[in-house]
Amino acid sequence: MSVLELEARTQDAFHLKSGLFQLLHLHVLEPLLPVLWAQLDRKIDQAPKFFTHAAIVVDLTALPDPALLSVVDLLAGLRARHMVPVSVRGANSAQHLEALDHGLALMGESAKGPNSTQQATPASPGPSQHAQVIQHPVRSGQRIEAPEGDLIVMAAVGHGAELLAAGHIHVYGPLRGRALAGMNGDTRARLFCQRLEAELVSIAGHYLSSDALKNACWQQPTCVALQGNRLQFSKLCDTR
Amino acid sequence: MSNNSILDSTPETTPARVIVVTSGKGGVGKTTSSAALAAGLAQRGYKTVVIDFDIGLRNLDLVMGCERRVIFDFINVIQGDASLSQALIKDRRCDQLFILPASQTRDKEALTQEGVGTILNTLKKEFQFIICDSPAGIEKGALMALYYADEAVVVTNPEVSSVRDSDRILGVLSSKSQRAEQGLSPIKEHLLLTRYATERVRKGDMLGVQDITDILAIPLLGIIPESKAVLSASNRGIPVTLDTPSDAKLAYEEAVSRLLGQTIPFHKASWTQRLFGKIFGSTPA
């Protein structure tokens, strides 16, 4: 194609948009890789398709010292298991450089770059100044994201709709879709709704779908919180 | 919502209203309802045009009984092959009713936003009601039909997938219309329940009005009962509201009245009781 032809093309060749994806976070608690692989392989065997080609964010913040672990070996092991590591968090600066060398991306606080020697900290805790308030019904197929704080919806949330927030989610109406609070990992996030009829609820990645929800506060005003690894449901006062 | 200006207006003075008849789900009664509502409005003296946006799978002309009179279509006008007056077909039964048919042979790519906008602007000068019969789905054809709408009639059957798709299309209406994009006042939404079978609702086989309005949360325009009259009318190319009296016809006429701002309660009386009530002036139980 000649330069003239290229310049004559007025239609956009691309659009740059930011998207939000749920990614699997692998929180490494054991620096000895053979022990890690033994347990991880058992997990993978339970649901191999779930892990094949899955994008993985490796999180080393739970380790007393990230240098105890070889990031290069960890990445190689993940790839050998057909997972796709995309980023590392909580690594030291040398490990960050290694990760970049191995084709990983800069994401989240690791954007501070290899000059930072601070441990990466999880997203800011507690109730946020950035609360998003939605006053119209959230319809099927719509997705509302509050990546920096709480999300408050003052109407019904339909089946097939999705709410995501870094902080708390409040639905002053029936919740019939999916609600994912604490989406950046804040385990203190809670979900409040006037009528629990959700397809799925999640706090910091711990989720339950509607089958399990039917046994807990179904169709009641409910508060969902995370205690350890389990979602706890408590009935709110009926204000009707 | 009804306000004094609509009730006081006469057919000559009403400003043009562009209403899209949409649903998301296919086969719920959009074309039947577009024809019935348009004919109902025209019968009351409002100059009305109904436009078929289903390029390639057109069937509005069949339901209106004018398929043999289609020479030029919507795409011809957009592409400049014909003028609007050449393409518009005047209904033989009702002189305020016009149809702008779709093309059977072209595909949806021929529809352009500017083209549709220009045609609608021209039509607004002449017509009081412009009914846009949308195709099913949420892709280009449906998006084109709803883009310039001031109001929407969301046609819904009392069953779960139709309600879910209607919810979806409501989301699309509030985000992908010109009014949404330009931050104008939102499209006025109306719920039209069609193929409603009271017995089946009573038995619990079908969703009831309360369940549906709970989920969709938009004002109810009408409840059209499941009726043999509908199939009979479309097979003969007559809009339900121009056909012989039936339960569906009465329900559509009530829906037209509500569209014109009148408050008509939803009766428990059977349609025959209501029809006699209308003729003899008694109030039904």
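Predicted model: local features only at pLDDT ≥ 70, side-chain atom pairs only at ≥ 80, totals over all residues.

Residues are numbered from 1 along each chain as its sequence is written, chains are lettered from A and ligands numbered from 1 in the order in which they are written, and side-chain values use heavy atoms, with hydrogens and water left out.

Charged pairs, then. Side chains of opposite charge can pair when their charged atoms come close. I call it a salt bridge when a side-chain nitrogen of Lys or Arg is within 4 Å of a carboxyl oxygen of Asp or Glu. Over all chains, that rule gives 18 salt bridges.

Take Asp59(A) and Arg89(A), whose side chains form a salt bridge at 3.8 Å, N to O. Asp59(A) sits in strand β2 (residues 55-59) of chain A and Arg89(A) in strand β3 (residues 84-89) of chain A, so this pair ties together parts 30 residues apart in sequence. Strands here are DSSP runs of E, at least two residues, and helices are runs of H or I, at least four, numbered from the N terminus. Buried or exposed? Asp59(A) is buried, at 5% relative accessibility, and Arg89(A) is buried too, with a relative accessible area of 16%. The cut-offs are under 20% relative accessible area for buried, over 50% for exposed and partly exposed in between, with a 1.4 Å probe and protein chains only.

In chain B, Glu151(B) and Arg17(B) form a salt bridge at 2.6 Å, N to O. Glu151(B) belongs to strand β6 (residues 151-156) and Arg17(B) to strand β1 (residues 17-22), so the pair joins parts 134 residues apart in sequence. Both Glu151(B) and Arg17(B) are buried.

Lys47(B) pairs with Glu126(B), with the closest N and O atoms 2.9 Å apart. Glu126(B) is partly exposed, at 44% relative accessibility.

Now the nonpolar side. A nonpolar core is a set of buried Ala, Val, Leu, Ile, Met, Phe, Trp, Tyr and Cys residues joined through side-chain atoms within 4.5 Å. The largest has 46 residues, and those with the most contacts inside it include Ile51(B), Leu123(B) and Val116(B). Helix α8 (residues 160-176) of chain B gives the largest share of this core, five residues. A second, separate core has 38 residues, among them Ile19(B) and Leu221(B).
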